[in-house]
Amino acid sequence: MSTESAPLFRGTGLVKEYSRSRGIFKQRTVFRAVDDVTLEVRRGETLALVGESGSGKSTTARLAARLVDVTSGTVEFEGQDVTHLKGSDLRDFRSAVQVIFQDPYSSLNPKHSVERLVTAPLVYQKRKIPGGARAFARDLMARVGLNPDHSERYPSQFSGGQAQRIGIARALAAGPRLVICDEAVSALDVSVQAQVINLLRELQADEGFGYLFIAHDLAVVRQIATRVAVMHQGRIVETGPRDVVFDHPQDDYTKTLLQAVPRIDPEWDRRRREAQQARRAGSIATAAEEEGR
Ligand SMILES: Nc1ncnc2c1ncn2[C@@H]1O[C@H](COP(=O)(O)OP(=O)(O)OP(=O)(O)O)[C@@H](O)[C@H]1O
Ligand SMILES: [Mg+2]
């Protein structure tokens, strides 16, 4: 398959196994978090991955971004097999594929200014920052709808929606072609959610990104998805164009999922907000930085 006609991203037969200890004798059993998943994302489209908690969405995202290694299966990006990339090739791949997580505060180092945060991908890529760090950061901030005069501020000085925009600016700085949003708007209030979704769509229109968009809120998925893949117990049970999956679901599990209460329950929401505030107050090093991104 030529690079041009190949999908932007393709995962084929992806399997991720974890071992678990079970029972009174703590026997090790193998558990398949992702079980033979095949999916594609094309340039300029948004593939939404939906399914109940624990169905394997985030694990699929981690496999796609090569944050964890596959047990078996292949990961292709722009027509190249990237399943076993290492060293500088893996580094390049990790710039091309950016991940935006749910909690913006936990993925932004609280001790770093916005300028430092959004220019970090260029430092990681050992690239010269065009026009200098300040001008570059200001430009990015303007693109994501933040006040460029706030480039010296710290994450805690921004609201949740603004902090997520910082995360988006940082992802943009890396020059990605595939952007994986793992519940990226789930922690935001509905009105802010809509604004961030609009921003993601604008950026997609400008840049031609493919999005792998994970969300448990089907109202959000309806707003953004081109196609939908439904996950259940580690497998994809149904995939198709958004309106087909929503209006004419074929699989019984998809039908059940569509009938479920769309919004998150208040107790979960409360716990999430508390955890977020605790992180905002603290100084937890970011998962993204630990992974050397
Ligand atoms: N590092 C790990 N070690 C062991 N088990 C794991 C690990 N990561 C995920 N799992 C298990 O794999 C399954 C799928 O988890 P995953 O996080 O991919 O689900 P999810 O669909 O993203 O759920 P949620 O909607 O709650 O985010 C779960 O049962 C989870 O406990
Ligand atoms: Mg998840």
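Leaving aside neighbours within four places in sequence, with which residues is Gly160 in contact? Gly160 is in contact with Pro104, Ala187, Leu188 and Val192, where contact means that the C-beta atoms, placed from the backbone, lie within 7 Å. The model is predicted: local features need pLDDT of at least 70, side-chain atom pairs count only at pLDDT 80 or more, and totals for chains, interfaces and linings use all residues. Residues are numbered from 1 along each chain as its sequence is written, while chains are lettered from A and ligands numbered from 1 in the order in which they are written. Helices (H or I, at least four residues) and strands (E, at least two) are DSSP runs, numbered from the N terminus.

**Surroundings of ligand 1**

- The shell around ligand 1 consists of Tyr18, Ala33, Gly51, Ser53, Gly54, Ser55, Gly56, Lys57, Ser58, Thr59 and His216; a residue is near the ligand if its C-beta atom, placed from the backbone, lies within 6 Å of it.
- By class, this shell holds 2 nonpolar, 8 polar and 1 charged residues; Ala, Val, Leu, Ile, Met, Phe, Trp, Tyr, Cys and Pro count as nonpolar, Asp, Glu, Lys and Arg as charged, and the others, Gly among them, as polar.
- Helix α1 (residues 57-64) supplies the largest share of the shell, 3 residues.

- Strand β1 (residues 9-22) runs antiparallel to β2 and is joined to it by 12 bridges; Phe9 has Val41 as its bridge partner in β2.
- Arg66 follows α1 and has a positive phi, near 60 degrees.

- Strand β8 (residues 210-214) is largely enclosed by the rest of the structure, because 5 of its 5 residues are buried.
- Gly210, Leu212 and Ile214 point one way from β8, and Tyr211 and Phe213 point the other way.
- Strand β3 (residues 46-50) pairs with β8 in the parallel sense over 4 bridges, and Leu47 has Leu212 as its bridge partner in β8.
- Strands β7 and β8 also run parallel, joined by 5 bridges, with Val179 standing opposite Tyr211.
- A right-handed β-α-β unit is made by β7, α6 and β8; right-handed means that, with the strands pointing away from the viewer, the path from the first strand over the helix to the second runs clockwise.

**Individual residues**

- Gly160 belongs to helix α5 (residues 160-173) and counts as partly exposed because it has 19 C-beta neighbours inside 10 Å.
- Gly160 and Asp103 are 57 residues apart in sequence, and their C-alpha atoms are 8.3 Å apart in space.
- Glu183, in the loop between β7 (178-182) and α6 (190-207), has a positive phi near 55 degrees.
- Gln233, in the loop between β9 (227-232) and β10 (235-241), has a positive phi near 50 degrees.

Technical notes: Pairing = 2+ DSSP bridges. Buried ≥ 20, exposed ≤ 12 C-beta atoms within 10 Å, placed from the backbone. Contact = placed C-beta atoms within 7 Å.
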